[in-house]
Amino acid sequence: MMTETPNWFEATDANRAAWNASAHLHGAGAGWEALLQAASEPGFSTFDACLTETLSGLDLKGKRAVQVGCNNGRELLSLASFGAVPVAGIDQSGAFLDQARVLSEAAQIAPNWIEANIYDLPSDIGTFDFVLITIGVLNWMPDLPRFFEIVAGLMAPGAQLVIYETHPVLEMFDYEAETPFEPSFNYFQTAPLSATETFSYDGVDHGEGTVSYWYFHTMGEIVTSCVQAGLKIMRLTEHGHSNREPEYDIYAGRAAQLPMSYTLLAARDG
């Protein structure tokens, strides 16, 4: 990786191209076929135990839901098992949204799949009762305060927001480093990291792809941006488990445990 300082338009455009270039790796093979089969069955959900517990504690029955950074739509569709109505999924990767349409056909649910840069949304999207943001969204965002302003604008009065993300402290560590338990990155780093590795969740090196940009955000920046956007934080829970690639599990279950993920629940006043 190397450090770059692109403007936000260059960064988000590059990230869109990188995700589109990797989409074909995720829409075929045994894993994809298993996901398609699961989506066609009652009670479909891809959420882990932590997020399942969070969502089960909310009254989502009949709530109109949107997911920001929905990827292939599997998580938005999973909200139906909690009684929510999956209305819209927003992602700038058209290639992943093509997969979302296939999954939604299997699930017999028809959300509106919106291909758009979150910083340049269509004006007619409307508002929702529930917003979901999960792993690997915030760190693609070059302007976090503006991001939360936009998210708040998607929320109807009384709407709730759930964020289930990697903890910023975990972003300091590199499991591939020679000394993986020593910090590799500055917690307060503001310049993004650029990389050219092809995105993949299968643990296989698929070679070089197109350049992408990953941004560091402190917990203080996340919380402050949320509050300044007019949202009320109801709960912030930090977890000692990872919700990303299994390689990060080397940091779990230690006597001196790092925070590895977190759940943030916020609301807009009614």
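Over which ring does the charged end of Arg254 sit? The ring is that of Phe181, with the charged end 4.1 Å from its centre. A charge sits over a ring if NZ of Lys or CZ of Arg is within 6 Å of the ring centre and within 35 degrees of the ring normal.

1. Basis. This is a predicted model: local features need pLDDT of at least 70, side-chain atom pairs count only at pLDDT 80 or more, and totals for chains, interfaces and linings use all residues. Residues are numbered from 1 along each chain as its sequence is written, and side-chain values use heavy atoms, without hydrogens or water.

2. Aromatic cluster. Phe181 also belongs to a cluster linked by ring pairs, together with Phe173, Tyr175, Tyr248 and Tyr251. Rings of Phe, Tyr and Trp (its six-membered ring) pair if their centres lie within 6.5 Å; planes under 30 degrees apart are stacked, over 60 edge-to-face, the rest tilted.

3. Ring pairs. There are 11 aromatic pairs in the structure. Tyr187 and Phe188 have ring centres 5.1 Å apart and planes at 90°, so this pair is edge-to-face. Tyr248 and Tyr251 are tilted, at 6.4 Å centre to centre and 40° between the planes.

4. Buried means under 20% relative accessible area, exposed over 50%, partly exposed in between (1.4 Å probe, protein chains only). Tyr187 is partly exposed at 21%. Phe188 is exposed at 59%. Tyr248 is buried at 10%, and Tyr251 is buried at 0%.

5. Main core. The largest nonpolar core has 35 residues. Such a core is a set of buried Ala, Val, Leu, Ile, Met, Phe, Trp, Tyr and Cys residues joined through side-chain atoms within 4.5 Å. Ile133, Leu138, Phe147, Phe148 and Leu161 have the most contacts inside it. Helix 6 gives the largest share of this core, 6 residues. Helices (H or I, at least four residues) and strands (E, at least two) are DSSP runs, numbered from the N terminus.

6. Leu161. Leaving aside neighbours within four places in sequence, the contacts of Leu161 (heavy atoms within 4.5 Å) include Val131, Ile133, Phe148 and Leu264.

7. Helix 7. In helix 7 (residues 219–228), Met219, Ile222, Ser225 and Cys226 are buried. Down the helix axis, the buried residues fall within an arc of 140°, so they line one face. The arc is taken from the directions from the axis to the C-beta atoms. These residues pack against helix 6 (144–153), strand 9 (232–239) and strand 10 (261–267). Just after helix 7, Gly230 has a positive phi of about 95°.
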